[in-house]
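The exercises below are meant to be worked through with the sequence and the model side by side. Try each task before reading the solution that follows it.

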Amino acid sequence: MSLVFLDTETLGLGLDDPIWEIAAIRREDDGTETRYHWHLTDGAGRSPEPPDDFPESFLSDFHNRYGGQALLTPGLARYHLERHVFREDRPHVVGAVPNFDTERIAHQLGASGWHYHLIDIENLAVGWLAGRGLPLPPLPWDSNDLSRAVGVDPDDYRRHEAMADVEWARAIYDRLINDGSPS
């Protein structure tokens, strides 16, 4: 079954806070991968507006990077996600808390097409560590600590950039499921 490593960047944590960046790596059964990376407009072709209370570090990142990828309207993003990323085979979505991304993609873009069993690398990491006799205390878990504990250095990735987060999630998945090798 195909996998889609997926991440979005948004202008807040709410379901209606606009998605401004989407990245995905689709891995086929034979191991070949295709990368997708877009920035989204507000639907009228304009840059989405960050809220007044948007944290400064995220605001600076948004202003420095927005427009550096292909700009898509929400309708075109839906088309490309369904036609090229998810296709008709209902791939498994892999990510760090992937429901954050799929819920917003479904709600804001009306896109669908992934398998309903999402693969959360953080939960995988906790189980992997427990299986090796290294159980963690109850939530909240820190994703950077989990990453380091399974042997993937999060500092090797520019966190909170969609494609870098996709690559980071893929590295953790490959470490846990395939001992570091792509499936």
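**Exercise 1.** Is Arg104 buried or exposed, judged by its relative accessible area?

*Solution.* Keep in mind from the start that this is a predicted model. The relative accessible area of Arg104 is 7%, and the cut-off for a buried residue is under 20%, so Arg104 is buried. Next, look at the partner of this side chain: Arg104 forms a salt bridge with Glu103, in which the closest N and O atoms are 4.0 Å apart. Glu103, with a relative accessible area of 40%, is partly exposed.

**Exercise 2.** Describe the network of salt bridges that contains Arg65, and state how accessible its members are where a value can be given.

*Solution.* Begin with the members, for the network links Glu21, Asp61, Arg65, Arg158 and Glu161 through salt bridges. One of the pairs is Arg65 with Asp61, whose closest N and O atoms lie 2.7 Å apart. Both residues belong to helix 1, where Arg65 and Asp61 are four residues apart, about one turn of the helix. Then compare each value with the cut-off: Arg65 is buried at 16% relative accessibility, and Asp61 is buried at 17%. Another pair is Glu161 with Arg158, with 2.8 Å between the closest N and O atoms. Here Glu161 is buried at 16%, whereas Arg158 is exposed at 53%.

**Exercise 3.** Which residues are the closest to the centre of the largest pocket, and which element supplies the largest share of its lining?

*Solution.* First take the volume of the largest pocket, which is about 520 Å³. Its lining has 22 residues, and those closest to the centre are Thr8, Glu9, Leu13, Phe100 and His160. Now sort the lining by element: strand 1 (3–10), helix 1, helix 3 and helix 6 (162–178) each supply at least two residues, and the largest share, four residues, comes from strand 1.

Methods. Residues are numbered from 1 along each chain as its sequence is written. This is a predicted model: local features need pLDDT of at least 70, side-chain atom pairs count only at pLDDT 80 or more; totals for chains, interfaces and linings use all residues. Side-chain values use heavy atoms; hydrogens and water are left out. On a 1 Å grid over the protein atoms alone, a cavity is a set of points where a 1.4 Å probe fits but cannot get out, and a pocket is an open set with protein on both sides within 12 Å along at least five of seven lines; lining residues have an atom within 4 Å of a point. Grid points are joined across faces, edges and corners, and a volume is the space filled by probe spheres set on the points. Buried means under 20% relative accessible area, exposed over 50%, partly exposed in between (1.4 Å probe, protein chains only).
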